[in-house]
Amino acid sequence: MAVRFLYLLFGWVAIVLGVIGIALPVLPTTPFILLAAWCFAKGSPRCHQWLRTNRYFGQMVQDWERQKGLRRRYRRRAVAMMLVTFSISLIVVPKIWLKIMLVGILVSVLIYLYRLPVIED
């Protein structure tokens with residue numbers, strides 16, 4: 001029972017971090033949502049089903065569970081959002097070392113996204 005509770009707790013923490021990651025460039029949304037799906041699958045079939053049928057994240061979770069890939073439109077959307085939010089961050093952040101760190105994170109996440117298999121619509 002305690003283990004199921006921990007999976008459920010970590011799943012909801014991952015959901016919160018994923019939602020925050022929509023607006024913050026340092027927190028990528030997709031890995032947190034996929035982590036939440038994994039935690040919910042272990043801890044709560046009801047929460048797992050809710051996430052799989054969620055209007056915003058459901059298709060992405062189902063695609064990942066079935067084919068370990070990402071649809072092209074989701075990747076394009078993720079890249080566009082990342083470029084916008086990272087650009088704003090680079091303008092706002094005054095320290096050069098932070099700007100270098102942000103560019104490093106951006107490049108790393110872009111490489112990760114472009115290495116994922118693409119699922120055609």
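1. Helix axes here are lines fitted to C-alpha atoms over the stretch in contact, and the angles between N-to-C directions run from 0 to 180 degrees. Helices (H or I, at least four residues) and strands (E, at least two) are DSSP runs, numbered from the N terminus. On those terms, the axes of helix 5 (residues 72-92) and helix 6 (residues 96-115) come within 11 Å and cross at roughly 175°. Helix 5 is therefore roughly antiparallel to helix 6, given that angles over 145 degrees count as roughly antiparallel, those under 35 as roughly parallel, those from 65 to 115 as roughly perpendicular and the rest as oblique.

2. The model is predicted, so that local features need pLDDT of at least 70 and side-chain atom pairs count only at pLDDT 80 or more, while totals for chains, interfaces and linings use all residues. Residues are numbered from 1 along each chain as its sequence is written, and side-chain values use heavy atoms, with hydrogens and water left out.

3. As for the chain as a whole, its secondary structure comes to 6 helices and 2 strands, and the order of the elements from the N terminus is α-α-α-α-β-α-α-β. The C-alpha atoms fill a box of roughly 50 × 35 × 20 Å along the principal axes. Of the 121 residues, 37% are buried, where buried means under 20% relative accessible area, exposed over 50% and partly exposed in between, with a 1.4 Å probe and protein chains only. Contact means heavy atoms within 4.5 Å; among contacts between residues at least 6 apart in sequence, 59% join residues at least 24 apart.

4. Returning to helices 5 and 6, the residues of helix 5 that meet helix 6 include Arg 75, Val 79, Met 82 and Phe 86, and their counterparts in helix 6 include Leu 102, Leu 106, Leu 113 and Tyr 114. By class, this contact has 14 nonpolar, 1 polar and 2 charged residues; Ala, Val, Leu, Ile, Met, Phe, Trp, Tyr, Cys and Pro count as nonpolar, Asp, Glu, Lys and Arg as charged, and the others, Gly among them, as polar.

5. Leaving aside neighbours within four places in sequence, Arg 75 is in contact with Leu 70, Leu 113, Tyr 114, Leu 116 and Val 118. The C-alpha atoms of Arg 75 and Leu 110, which are 35 residues apart along the chain, are separated by 9.5 Å.

6. Helix 3 and helix 4 pack with their axes 7 Å apart at an angle of about 110°, which means that helix 3 is roughly perpendicular to helix 4. In this pairing His 48, Leu 51 and Arg 52 of helix 3 meet Gly 58, Gln 59, Val 61, Gln 62 and Glu 65 of helix 4, and the residues of the contact divide into 2 nonpolar, 4 polar and 2 charged.

7. Among the buried residues of helix 2 are Phe 32, Ile 33, Leu 34, Cys 39 and Phe 40, and what covers the buried residues of this helix includes helix 1 (2-20), helix 3 (45-52) and helix 4 (58-67).

8. How many disulfides does the count come to? The count is 0, a disulfide being a pair of cysteine sulfur atoms within 2.5 Å. The sulfur of Cys 39 is 11 Å from the closest cysteine sulfur, in Cys 47, and is therefore too far for a bond. Cys 39 counts as buried at 4% relative accessibility, and Cys 47 also counts as buried, at 10%.
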